[in-house]
Amino acid sequence: MDDKVDVNSAATVTTVFVVDDDDGVRTSLGILLDAAGYRAIPFASATDFLAQYDPGRPGVLLLDMRMPGMTGMELLQQLSGRGAFLPVIFITGHGDVPMAVEAMKAGAFDFLQKPFSPRDLLERIERALAADAEARQVLSHTEELRRRHAALTPREKEVMGLIVAGHANKVIAMDLGLSERTVEIHRARVMEKMATRSVAHLVRMALELESPGQHGRAAGADRPPAG
C-alpha cells in the first residue's frame with residue numbers, strides 16, 4: 001500500500017489511519033480494514049502522518065507505541081496540542097502496557113496488546129468511532145451556541161446573565177438602570193437570538209457555554225422553537 005496518501009481527500013467510507021514503522025503490520029492491517037469496509041491510510045512514521053493530518057478530519061488512529069524518531073506518545077501529545085480529538089488506539093507489545101495505560105491517561109481512547117484478534121480490533125474501532133461522532137456533535141453544538149451568544153449585544157449579554165441568575169424583569173431593570181419595558185425588549189431579543197422560548201433551556205445553554213459537554217449538552221436546546 002502507498003504510504004503517501006492524501007489524508008484530506010474526500011471519502012465515502014470511514015477512515016482509519018495506521019501509523020506503524022513495520023511494513024508488514026501496515027499491510028496486514030490495511031487488508032483487514034479494507035475488508036471490513038473502512039478506508040485504511042497507512043504511514044510509516046508519526047512525522048509523516050503529522051505533516052499531512054487535518055485536525056478536522058474524522059476517523060480513528062491506530063498507532064504503534066514504539067517507533068524510530070517520534071514515538072506514539074509524542075504524536076499523541078502533538079495532536080492534543082493542535083486541538084485534535086481524533087480517537088487513538090495504541091498497538092502495544094507486552095512491555096509497553098504500562099506506557100499505554102499512561103497514554104490513556106493522557107487522552108488515548110484505548111490500547112490493544114499484541115497479538116490481538118481481528119474481531120477485537122474491529123470492535124474497538126467501532127467504539128472509538130461512536131465516541132468520535134459524539135465528541136464532534138458536542139463540538140458542533142457548542143460552536144453554534146457560541147455563535148449565537150456572540151451575536152448578542154453587550155447589553156443583551158448582561159440581561160441574559162441576569163435572566164440565567166433567576167432575576168425578574170423588575171429586578172433586572174433596577175440593577176441595570178433601565179425601564180421594565182426596555183428589559184422586556186432585551187429579554188425578547190435574547191430569547192430570539194439564542195433560539196429558545198424557555199428560560200430553563202437558556203440556563204442550560206449558559207452552563208454549556210461555561211463547561212462544554214458537562215451539562216447534558218443542553219439536549220434539544222439548540223433547536224429553534226416550533227411554530
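## Contacts around R136

Two residues are in contact when they have heavy atoms within 4.5 Å of each other. By that rule, and leaving aside neighbours within four places in sequence, R136 touches Y53, P55, G56, R57, P58 and F85. R136 itself sits in helix α5, residues 118-150.

## What you're looking at

This is a predicted model, where local features need pLDDT of at least 70, side-chain atom pairs count only at pLDDT 80 or more, and totals for chains, interfaces and linings use all residues. Residues are numbered from 1 along each chain as its sequence is written, and side-chain values use heavy atoms, with hydrogens and water left out.

## The whole chain

The chain has nine helices and five strands (DSSP runs, H or I of at least four residues for helices and E of at least two for strands, numbered from the N terminus). Starting at the N terminus, their order is β-α-β-α-β-α-β-α-β-α-α-α-α-α.

Of the 227 residues, 39% are buried, meaning under 20% relative accessible area with a 1.4 Å probe, protein chains only. Among contacts between residues at least 6 apart in sequence, 64% join residues at least 24 apart.

## Where α7 meets α8

Helix α7 (residues 169-176) packs on helix α8 (residues 180-193) at about 105°. The two are therefore roughly perpendicular, a label for angles of 65 to 115 degrees. From α7, N169, K170, I172 and A173 meet E180, V183, E184 and R187 of α8.

Definitions and conventions:
Axes fitted to C-alpha atoms, helices over the stretch in contact; angles between N-to-C directions. Parallel < 35°, antiparallel > 145°, perpendicular 65-115°, else oblique. Buried < 20%, exposed > 50% of the residue type's maximum accessible area, 1.4 Å probe, protein only.
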